[in-house]
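Hi everyone, thanks for making time today. Have a look at the chain on the screen, and I'll walk you through some of its strands, helices and loops.

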Amino acid sequence: MAKLQGFEFWSRTLGGARHVVAPMVDQSELAWRLLSRRHGAQLCYTPMLHAQVFVRDANYRKENLYCEVCPEDRPLIVQFCANDPEVFVQAALLAQDHCDAIDLNLGCPQMIAKRGHYGAFLQEEWDLLQRMILLAHEKLSVPVTCKIRVFPEIEKTVRYAQMLEKAGCQLLTVHGRTKEQRGPLSGAASWEHIKAVRKAVAIPVFANGNIQCLQDVERCLRDTGVQGVMSAEGNLHNPALFEGRSPAVWELVEEYLDLVRQHPCPLSYVRAHLFKLWHHTLQVHQQLREELAKVKTLEGIAAVSQELKLRCQEEMSRQQGEKPTSDLPFFHWICQPYVRPGPREGSRNSGACSKRALEEEEGSSEVLSKNKQKKQLRNPHKTFDPSLKPKYAKCDQCGNPKGNRCVFNLCRGCCKKRAFKETADCPGHGLLFKTKLEKSLACKGAQLGLQEPQQAGPGAPGGFSEVVGSALA
């Protein structure tokens, strides 16, 4: 059977999917996909997988895709990040029997993507992307799709999309933000860019960005003309988004935990999901937020969630007939959107900011980062005050901290080079080149003493000069 392409692929293989759950690193695992499908999602993506690791590591393949056959988890698109056509295709060939399409991630804006040279940081390398898509289109038995971010210019974004289509991309997801728009600097996604792309290509287009509720989905479909709408953060805070419902948080939490028991995943994934689902409630019950961060088992997480449920139900009984007193549209125990604050707003309201530069800009540099707060929880006596940190003497050669007992006043790396060159010892760094040479010479001398007198002469083979040369070598 010939491989389906474009709109035929979307309508027949994907069932004309309009409600799509985004690929989310460590967050769109099987249990979460099944939960989302139960509540209106028609298509899901796997988390972003690293093509190179997928090719070389059988355990990685098993953990992320081969773990079990799950007929309910279809249609499914597997997403890879890659920057090499051959590696991308090798990974895709290993995955194609377990999914309905292979997606190339061209949208990740994080610094890890910049260091790894993938995601949105490939969007200027059109020749490379053409080769990757073309090769995958030729070799795979399933379609290849792409998820991109936009350029500031609509015209360039349109040309970018047309280039990918021409190379063989059969479905395009457009996140209406640039690669610079991330974290607290996200801002609103541009549906104008998405609309322009949809008009310019002859393949199905999914829109991503600004989706917090079902009304946003319907408005996006109407305003942009796309075939489907993808949600990430909206889905994480309310998996029933595509149903148009806002249930009590504990309903979805309990359902999700049951799915995790059937389809286990790392505890860090589960904890992250509950932090999103209980986000607004954890602002009220800060102590339970700390408990959720500390527990080490799935049942421990379930116990904290149960306690949150009981506290919310007590509060509900006291507030019957009343309206929420906060700025939230619903009471905090109801699944609802989380609107990410801008940098200045976030700094004023929370007293903390995720970016060090923004902390300094707002004059809140004394606030510890989340990682430092976690370290302080583990070790209450730990200090992060620079003025209280011990001052280290510098290595005479490279400027790194020197060893306190180094005979050369150097760091270990520089000391090792010098001690080797001079055949010297440095007990402070445990380097004993001189001692080892002397032992070697003594050992060779003992062996010579046991040999015949005629073989021990100065010019004979195995004489003292040869021993010394061998030891020094």
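Let's start with strand E6, where Val-144, Cys-146 and Ile-148 point one way while Thr-145, Lys-147 and Arg-149 point the other way, and all of them are buried. Buried here means under 20% relative accessible area, exposed means over 50%, and partly exposed is in between, using a 1.4 Å probe and protein chains only. In general, side chains in a regular strand alternate between the two faces of the sheet. Since 6 of the 6 residues of E6, residues 144-149, are buried, this strand is largely enclosed by the rest of the structure.

A word on what you are looking at: this is a predicted model, where local features need pLDDT of at least 70 and side-chain atom pairs count only at pLDDT 80 or more, while totals for chains, interfaces and linings use all residues. Residues are numbered from 1 along each chain as its sequence is written, and side-chain values use heavy atoms, with hydrogens and water left out. As for the labels, helices (H or I, at least four residues) and strands (E, at least two) are DSSP runs, numbered from the N terminus.

Now, which strands pair with E6? Strands E5 and E7 do. Two strands count as paired if DSSP finds at least two bridges between them. E5, residues 101-106, runs parallel to E6 and is joined to it by 5 bridges. Within that pairing, Leu-104 stands opposite Cys-146, and Leu-106 has Ile-148 as its bridge partner. E7, residues 172-175, also runs parallel to E6, with 4 bridges; there, Arg-149 is partnered by His-175.

If you follow the chain from E6 through helix H8, residues 154-167, to E7, you trace a right-handed β-α-β unit. Right-handed means that, with the strands pointing away from the viewer, the path from the first strand over the helix to the second runs clockwise.

Let's step over to E5. Is E5 buried or exposed? It is mostly covered, with 6 of its 6 residues buried. Strand E4, residues 76-81, runs parallel to E5 with 4 bridges between them, and Gln-79 has Asp-103 as its bridge partner. The chain gets from E4 to E5 through helix H5, residues 85-95, in a right-handed β-α-β crossover.

On to the interior. In soluble globular proteins, nonpolar side chains tend to be buried together. A nonpolar core here is a set of buried Ala, Val, Leu, Ile, Met, Phe, Trp, Tyr and Cys residues joined through side-chain atoms within 4.5 Å. The largest one has 112 residues, and Phe-80, Ile-102, Leu-164, Leu-172 and Tyr-256 have the most contacts inside it. Helix H12, residues 249-262, gives the most to this core, with 8 residues. There is also a second, separate core of 11 residues, which includes Cys-395, Cys-406, Cys-411 and Cys-426.

Take Ile-102 as an example. Leaving aside residues up to four places away in sequence, its contacts include Phe-80, Phe-88, Leu-140 and Val-144. Contact means heavy atoms within 4.5 Å.

Next, a helix pair. The axes of H9, residues 191-200, and H10, residues 214-224, come within 9 Å and cross at roughly 50°. That makes H9 oblique to H10. Axes are lines fitted to C-alpha atoms, for helices over the stretch in contact, and angles run from 0 to 180 degrees between N-to-C directions. Angles under 35 degrees count as roughly parallel, over 145 as roughly antiparallel, 65 to 115 as roughly perpendicular and the rest as oblique. Among the residues that meet here are Trp-191 and Arg-198 in H9 and Asp-216 and Cys-220 in H10.

Finally, some backbone details. Most residues other than glycine have a negative phi, and most peptide bonds are trans. Arg-74 and Pro-75, however, are joined by a cis peptide bond, with omega about 0°, and Pro-75 sits in the loop between H4 (58-66) and E4. Asn-210 has a positive phi of about 70°; this residue is in the loop between E8 (205-208) and H10, and is partly exposed at 25% relative accessible area.
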